[in-house]
Amino acid sequence: MNTTYDSILRLRAIRKYADRPIEPEDLRRVLEAARWTGSAKNRQNWSIIVVEDPEQMARLASCAPFGGPLSAAPTALALVQEGSTYGFDIGRMAQNIMLAAAALGMVSCPVTLHNNEKAVEVLAIPEGRRCRYAIALGYPGPASSPAKAGGRKPLHEIIHHNSYGS
């Protein structure tokens, strides 16, 4: 099989990380992969806040009911939607970040920041922008589970042809 295809099938959200910072070159390469994500009409209406300070990570984690991975990781990437960004574009960027991280030997976990107002305050985001998603990023720790196949519904349960239910 193709290594890209294999990487997509193996990608998992990992919530435990080694106790070491992200190497600057690895972070730069992940951010470069994010920068090259396609967007509607090539607007690129996004920015990324790199969070590495443990106290700031804890504040960011408090914006999400399931924000534990943000507190556990050495780095978080907060994805800021600039103006009228499509959620699909931010999702594409998040997936690129996660796949690039995996290709570089890192693990990641996407986190929804349900309290967007608090996230905007914590990150000092200017008016007219929002931050609904962050990605916890780190190297796999000793307790990180290896990616396992499975855990997905069979194709016949989720695929419809020409109309729903067909």
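The following conversation is about a predicted protein model.

Visitor: What should I know about the model before we start?
Guide: This is a predicted model, in which local features need pLDDT of at least 70, side-chain atom pairs count only at pLDDT 80 or more, and totals for chains, interfaces and linings use all residues. Residues are numbered from 1 along each chain as its sequence is written, and side-chain values use heavy atoms, with hydrogens and water left out.

Visitor: How many helices and strands does the protein have?
Guide: The protein has seven helices and four strands. Helices (H or I, at least four residues) and strands (E, at least two) are DSSP runs, numbered from the N terminus. From that end, the order is α-α-β-α-α-β-α-β-α-β-α.

Visitor: And what share of the residues is buried?
Guide: Buried residues are 36% of the 166 residues. Buried means under 20% relative accessible area, exposed over 50%, and partly exposed in between, with a 1.4 Å probe and protein chains only.

Visitor: Let us look at one residue. Where is Thr 75 found?
Guide: Thr 75 is found in strand β2, which covers residues 75-82. Thr 75 counts as buried because its relative accessible area is 1%.

Visitor: Which residues is Thr 75 in contact with?
Guide: Leaving aside neighbours within four places in sequence, the contacts of Thr 75 include Ile 22, Leu 27, Val 50, Met 57 and Ile 135. Contact means heavy atoms within 4.5 Å.

Visitor: Now helix α5, please. How many residues does it have?
Guide: Helix α5 (residues 87-103) has 17 residues and reaches 24 Å from its first C-alpha to its last, close to the 24 Å expected at 1.5 Å a residue. The expected span is 1.5 Å times one less than the number of residues.

Visitor: Which of its residues are buried?
Guide: In α5, the buried residues are Asp 89, Ile 90, Met 93, Ala 94, Ile 97, Met 98, Ala 100 and Ala 101. Their cover includes α2 (24-35), β1 (46-51), β2, β3 (107-112) and β4 (129-138). Just after α5, Gly 105 takes a positive phi of about 85°.

Visitor: One more. Is Leu 11 buried or exposed?
Guide: Leu 11 counts as buried, because its relative accessibility is 15%. Leu 11 lies in the loop between α1 (3-10) and α2.

Visitor: What is Leu 11 in contact with?
Guide: Apart from neighbours within four places in sequence, Leu 11 is in contact with Gln 95, Met 98, Leu 99 and Ala 102. Among these, Met 98 is one of the buried residues of α5.
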